[in-house]
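This report describes one protein chain, going from its overall make-up to the packing of its parts and then to individual residues. The sequence and the model come next.

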Amino acid sequence: MGFDSSEPEQRRRLQAALAAAQVSTGDLWLYYFGIGGSVGEYEVEAYLQGLLSLPELQRDLLAMAANELFNDQASPRAPYADELGSGDPSRPEDP
């Protein structure tokens, strides 16, 4: 499975949100798994390191888990894949 065009940006913004909220990969994975995620903790870590591609549904579940974990904090939000389309003004343009 290859990366789709929005996956690297979605991963980068998820990483930034996790770092800002000081949420560990283990905490993210546990919440993600509890809401129906089907990828193991090892695979989530590999995804966050850019070593593994995940299906859009699983990436969106990770974003949902992250956003729900730090909903009460003023942290950056983790985006969903459909928010990163070409019409999204928050998406940085390629140089």
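Contact here means heavy atoms within 4.5 Å. The model is predicted, so local features need pLDDT of at least 70 and side-chain atom pairs count only at pLDDT 80 or more, whereas totals for chains, interfaces and linings use all residues. Residues are numbered from 1 along each chain as its sequence is written, and side-chain values use heavy atoms, with hydrogens and water left out.

## Overall make-up

The chain contains 4 helices and 0 strands, in the order α-α-α-α along the sequence; helices (H or I, at least four residues) and strands (E, at least two) are DSSP runs, numbered from the N terminus. Of its 95 residues, 41% count as buried, where buried means under 20% relative accessible area, exposed over 50% and partly exposed in between, with a 1.4 Å probe and protein chains only. Among contacts between residues at least 6 apart in sequence, 65% join residues at least 24 apart.

## Helix α3 and its cover

In α3, the buried residues are V44, A46, Y47 and L48, and what covers them includes α1, α2 and α4. The ring of Y47 also has the charged end of R11 over it, 5.5 Å from the ring centre; a charge is said to sit over a ring if NZ of Lys or CZ of Arg is within 6 Å of the ring centre and within 35 degrees of the ring normal. After α3 comes G50, which has a positive phi near 80°.

## Helix packing

The axes of α2 and α3 (residues 41–48) come within 10 Å and cross at roughly 120°; axes are lines fitted to C-alpha atoms, for helices over the stretch in contact, and angles run from 0 to 180 degrees between N-to-C directions. That makes α2 oblique to α3, since angles under 35 degrees count as roughly parallel, over 145 as roughly antiparallel, 65 to 115 as roughly perpendicular and the rest as oblique. The contact is made by T25, G26, L28, W29 and Y32 of α2 and by E41, V44, E45 and L48 of α3. The crossing of α2 and α3 is right-handed; a crossing is left-handed if the near helix is turned anticlockwise from the far one by less than a right angle, and right-handed if clockwise.

Helices α1 and α4 (residues 56–69) pack at an angle of about 20°, with their axes 11 Å apart, and that angle makes α1 roughly parallel to α4. Their crossing is left-handed, and E7, Q10, L14 and L18 in α1 meet R59, D60, L62 and A66 in α4.

The structure holds 1 aromatic pair, which is formed by W29 and F33 and is stacked, at 5.0 Å centre to centre and 25° between the planes. W29 counts as buried because its relative accessibility is 17%, whereas F33, at 45%, counts as partly exposed.

## A positive phi at Q22

Although Q22 is not a glycine, its phi is positive, at about 55°. Q22 is placed in the loop between α1 (7–21) and α2, and with a relative accessible area of 74% it is exposed.

Conventions: Rings of Phe, Tyr and Trp (its six-membered ring) pair if their centres lie within 6.5 Å; planes under 30 degrees apart count as stacked, over 60 as edge-to-face and the rest as tilted.
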